[in-house]
Amino acid sequence: MDSASGRKLIGFRQIAQEKLQHVFYSIPSEKDLIIEPALIKPLEHVCGASWLRKKGIDKIFKFDPKNPPPKRKQFVYFITSSLLTFKSVLDQISGYQSQTSSMMEPDIRNKQYHVLVLPSVLASFEHLLEEEGLHGIVELYNFQWDFLLLDESLLSLELPNVFADVFVRKDTTPLGSIAQSIRIFNLVMGKPHLVFSLGENAEKILHMVQRMETSKRPNVVGKESAARTDASVEKDPEYAAMLILDRDRDYPACLLTPVVYCGLLLEIQPLNSGSLVVDGECNKIKNGKLAFLQEQGAAPSTQQETTSLRMSGAQDMIYLEHRYRHFSEVISLLSAQAKTLGLEGKAYTREMKLHEMKEYVTHKLPKVAAAKKELFKHLRLCETIVEEIGANFEKHQMIEESILTNTNRKQIMNYILELLSSDAHRYNTLRLICLYHVTIGLTSEDMTKLVTSYLNAFGYRHLSLFHNLFLARLFPDTTNLSKTKILSQISIPTLKTPFQIEANKLKQLPTDTNETVMPTNDRDNSGLAGAGVPSVGSSAGGAKTCPSYVFNGNYIPLVTQLTHLIFAASSFDNLNTRLGHLERLKVSGRALTSDQTLCTPRSIKELSASSHKAALNQLLPFKEKTMFIFIVGGITYAEIAACHLLERTIGAKIVLSSDRIIAGHDLIESVVNC
């Protein structure tokens, strides 16, 4: 990464510190901080305990509704914008108030309770505050840390429940916070020449950003301030393009099982702000299975210490080396590293001279011990992956390939029904069902079988979750299934499903040789899979040559293919040829801004027939292949790995970001618990 650009990405931490410092300085005298447990890890990316103490924080407590800390001085609560959590905070504050003399009137000029809400205070908070009789006693504050740098070229807002709120509940409140963070990004990095958005929510975010930028721009300014405004607008952007994508525009990239190491890590353990739990006793696979399935053949194991693994190349060199490798390669490489470390640990001999012994014990031995400790974490995780996923992995990959290519429907259904009867998983089985619906489409008969089998396995109290899946467009509508509606939803099975037709236009299916494998001399061959490149082939040094390798050569994530097509476009006319069929793909940005007037995002086809066409043709191809990507609703490590492979292949600079990093398990869990 370019040093100047890297420093600016790190600078988001300083911006968050300034925001937090402003809140703390507005509260006089010393105070204690009570923080919601889920926010501890993200806050570590912003500041440490020593920094907090310098800002007037005396003691730090985890928020526990049942065990409130002793009241000594002012309290600052730091919570997410959850009404239930806020109600627990108010109940705790009411308990403190009841302990004081009821004859004393509260001093509203010197409030003792302050609640910091991430990312913003909801209107319902104010109403609840009045209902609880605490208005004038409790002060509310908005706080948003914007982008946290989790790894090189990887940012996250670490906002909870965005997918469930936006795509299931249809609550667009979180979009305002995302828009605010993207506006801050534009201020720091400069507004990109072209901004692409794909999806309804992505388009709403861009409209919000434009309104914010318009409201911040003064209507009447003097010459001096006008010059400053123009200078800020004309500042060269760090990224030539920006792409904002809705999660529901590419569900397969989230529902498919990845084969890269970093992706499989999230399949077995939860991730919190870049930190992965390392626990041999508990994992996502065990937690999602029925209790009697876990007990079969279970042998008592020795209690192992629960630790965490930082999924950051700067923090973990072993992770840096192996994060984007195929998992089958990782096991052998880690074994070789373990043998090497074992030999280094035995390097001490009695024949050493005294100064050599001292040098070895003082310098080399601690490094070897630390390296062994880190390697042990990775070996434990690999062991868990093999135990929980390995036995059925190859067959599962074949079924996923059949789903993508619309073949062997009977075999797919039998496999899912067999899972539900013998090895049912609360989330991963649903994930496979949703992948089937998104790519092929479920008939009424298949849907009835799958719903019945799932409810028989996990209980009929879960009936409502299928409606939540329908709201997220992951499952058919089960509320009004007449014969007419069924026929309109599902036609007679055809060779190509709507998903396949769309994916083939963008050349996302390397396995579909009839559509995607094109001659290498075809100039209009735009997809990576269609460029005569092997799907999972490797070049010297074992480097993969096609982004589809993250899904075992079966699928290229949409975000990766769009990025490649945008960078590969020789002109705007060429871009129109490749992406003009995507009506929801809208374009805006600095290149379409004239006389301080913001252009409404428009489709590529509309722009190709507008007065902006000449300017856009001059802009493409990009002189510098730099892009900032944001996915609304969560990004997966498979998409990150695929984009970073593209980055290395074409010599680009790509920064990826989202509200949080997820796996398919997390997506389905958020819908089930909605």
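# Exercises on a predicted model

Asn-428, Leu-430, Arg-431 and Cys-434 of helix α18 are in contact (heavy atoms within 4.5 Å) with Gly-664, His-665, Ile-668 and Val-672 of helix α29. The model is predicted, so local features need pLDDT of at least 70 and side-chain atom pairs count only at pLDDT 80 or more, while totals for chains, interfaces and linings use all residues. Residues are numbered from 1 along each chain as its sequence is written, and side-chain values use heavy atoms, with hydrogens and water left out.

**Exercise 1.** Determine how α18 is oriented relative to α29.

Solution. Step 1: locate the helices, α18 at residues 428-439 and α29 at residues 664-672. Helices (H or I, at least four residues) and strands (E, at least two) are DSSP runs, numbered from the N terminus.
Step 1: take the packing angle, about 95°, and the distance between the axes, 9 Å. Axes are lines fitted to C-alpha atoms, for helices over the stretch in contact, and angles run from 0 to 180 degrees between N-to-C directions.
Step 2: α18 is therefore roughly perpendicular to α29, a term for angles of 65 to 115 degrees.

**Exercise 2.** Describe the surroundings of Ser-657.

Solution. Step 1: Ser-657 belongs to strand β16, residues 653-658.
Step 1: its relative accessible area is 0%, so Ser-657 is buried (under 20% relative accessible area, with a 1.4 Å probe and protein chains only).
Step 2: leaving aside residues up to four places away in sequence, Ser-657 touches Phe-147, Leu-155, Phe-628, Ile-629, Phe-630, Ile-631 and Ile-635.

**Exercise 3.** Is Ser-153 buried or exposed, and what is its phi?

Solution. Step 1: Ser-153 lies in the loop between β6 (148-151) and β7 (154-156).
Step 1: with a relative accessible area of 5%, Ser-153 is buried.
Step 2: the phi of Ser-153 is near 60°, a positive value in a residue other than glycine.

Technical notes:
Parallel < 35°, antiparallel > 145°, perpendicular 65-115°, else oblique. Buried < 20%, exposed > 50% of the residue type's maximum accessible area, 1.4 Å probe, protein only.
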